[in-house]
Amino acid sequence: MMDRKKELKEQYKQMKSEMGVLIIRSSISNKCYLETTANLKGMQNRTEFQLDAGLHPNGELQREWQELGKENFKLEILDNLEYDKKGLKRDYSKDLAVLKLLWEERLTQAGKVFYQK
């Protein structure tokens with residue numbers, strides 16, 4: 001039994017969560033908000049919880065969420081960042097920041113407006 005527990009613990013340590021860019025879009029105002037993270041599923045849950053609870057750090061997005069209603073927003077994964085093939089890299093924060101900048105540029109060119117901080 002202990003071996004199985006140890007094995008499961010080791011498997012958990014080896015698991016890599018999806019990382020990348022998350023987008024929140026308003027279907028009414030057409031504004032969007034980008035978030036980068038090393039754990040997309042966790043950030044998706046956290047962001048939705050924060051917005052529902054009125055605790056999101058972006059005031060403009062929070063106001064619209066409350067005024068327009070949750071059903072008028074789409075929260076989705078915009079892009080995934082791949083892990084280093086060799087597995088040597090540990091810190092992906094710079095890669096995530098670059099990916100976010102690329103998406104900001106792309107979305108701006110497509111006429112999207114971002115929520116102000």
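What span should the 17 residues of helix H4 (residues 93-109) cover at 1.5 Å a residue, and how far apart are its end C-alpha atoms? The expected span, 1.5 Å times one less than the number of residues, is 24 Å, and the end C-alpha atoms of H4 are 24 Å apart, which agrees. The structure is a predicted model, in which local features need pLDDT of at least 70, side-chain atom pairs count only at pLDDT 80 or more, and totals for chains, interfaces and linings use all residues. Residues are numbered from 1 along each chain as its sequence is written, and side-chain values use heavy atoms, with hydrogens and water left out. Helices (H or I, at least four residues) and strands (E, at least two) are DSSP runs, numbered from the N terminus.

Leu96, Leu99, Trp103 and Leu107 are the buried residues of H4, buried meaning under 20% relative accessible area and exposed over 50% (1.4 Å probe, protein chains only). These residues cover an arc of only 70° around the axis, which puts them on the same side of H4; the arc is that of the directions from the helix axis to the C-beta atoms. An α-helix has 3.6 residues a turn, so residues three or four places apart point the same way. Lys94, Leu101, Glu105 and Gln109 are exposed on the other side of H4. The buried residues of H4 pack against strands S1 (19-26), S2 (31-37), S3 (73-81) and S4 (113-114), with contact meaning heavy atoms within 4.5 Å.
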